[in-house]
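The following exercises ask the student to read a structure step by step. Each task is followed by a worked solution.

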Amino acid sequence: MKAPLAPAFLAAMGLVLVGMVGGVAFDDSPPRPAVYRAGYRVLEADFHAHTSWSDGSLSPLGIVRQAGRRGLDVVSVTEHNTVLPSYVARAYSNAVGGPLVMTGEEVTTARFHVIAIGIDTTISPNQPLDAVIADIHAHHGIAIAAHPVRHFWPSLLPMRDKFDAAEVMHPIAYSARGAEWRWDDMVTFYEEAPVPLAAIGSSDYHWMSVLGLCRTLVFVREPVTERAVVDAIKERRTVTFDREGKAYGDAALIASLHAEPYVPRTSDYSYVGSGTADRVLRTLGWLGLVGVVLLRARKRA
């Protein structure tokens with residue numbers, strides 16, 4: 001059975017490759033002009049994205065391409081319990097002139113999830129939460145409470161004053177979940193913190209087309225570098241918006257956005273092609289993918 005399947009499988013893989021190459025060739029990234037408010041450069045960022053190294057659909061290189069399509073100035077690849085994919089994404093983005101890529105990791109356990117950005121090494125999850133946060137800070141990074149819903153409160157609440165920031169806006173806001181996973185509790189975690197936390201909006205990207213759906217406005221001092229973004233978060237110079245347009249973050253920066261309105265960049269969150277050639281190539285890619293799945297299933301049978 002293997003011999004007759006081989007040519008068909010190679011043909012299907014060829015179609016997948018054609019679709020991927022064609023999709024990249026027709027990528028349309030919106031311009032990212034320099035914008036200033038309150039004396040700072042305003043950057044649009046998504047600090048929570050996963051890749052195919054674990055449970056995501058895109059490679060680290062694909063995240064960079066998608067971030068460009070979404071008009072993001074900054075993206076952080078935060079794979080579960082490893083920083084390595086973010087280094088791959090950063091090297092690629094530097095080579096192609098893409099968005100600023102922050103090195104990062106999602107420190108993931110059953111008791112808590114913590115986004116670490118600006119770190120230079122993997123932070124071990126096999127330690128108490130206070131040690132995780134201390135380890136992040138020892139490596140000059142930022143500790144962000146990831147989707148701090150009630151499910152994680154037993155671990156997060158005692159350590160809330162140790163965090164630099166908390167995710168206030170997240171795709172959970174767009175879906176109805178159980179009592180332990182409500183968006184309202186994320187807002188409560190942020191608003192009732194005993195010390196001010198930087199307000200973060202993140203997409204927690206895994207698959208489909210939602211990278212940048214929730215994003216953070218970061219007010220940085222130039223030049224734009226990874227360290228400038230880290231410093232801005234440490235100094236709470238961030239703003240994010242919920243689905244109704246309410247702003248969370250530094251009051252003076254929010255006032256500057258009201259005085260001189262700023263609308264975050266939007267883009268098409270579908271996978272529709274941008275022209276006839278693009279649609280044909282996408283269709284070929286999908287047909288190839290279907291072929292790969294069917295041929296593998298037939299081979300196993």
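**Exercise 1: Ser 203**

Ser 203 is buried, with a relative accessible area of 2%. Buried means under 20% relative accessible area, exposed over 50% and partly exposed in between, with a 1.4 Å probe and protein chains only. The model is predicted: local features need pLDDT of at least 70, side-chain atom pairs count only at pLDDT 80 or more, and totals for chains, interfaces and linings use all residues. Residues are numbered from 1 along each chain as its sequence is written, and side-chain values use heavy atoms, with hydrogens and water left out.

Task: State where Ser 203 is found and which residues it is in contact with, leaving aside neighbours within four places in sequence.

Solution.
1. Ser 203 lies in the loop between strand E9 (198-201) and strand E10 (216-220). Strands (E, at least two residues) are DSSP runs, numbered from the N terminus.
2. Contact means heavy atoms within 4.5 Å. Beyond the neighbours within four places in sequence, the contacts of Ser 203 include Asp 46, His 48 and Pro 171.

**Exercise 2: Strand E5**

Task: Determine how many residues of strand E5 are buried, and which way they point.

Solution.
1. Strand E5 covers residues 104-108, and five of its five residues are buried.
2. Gly 104, Glu 106 and Thr 108 point one way from E5, while Glu 105 and Val 107 point the other way.
3. A hairpin of four residues joins E5 to E6. The two strands run antiparallel and are joined by five bridges; strands pair if DSSP finds at least two bridges between them.
4. Within this pairing, Glu 105 stands opposite Ala 116 in E6.
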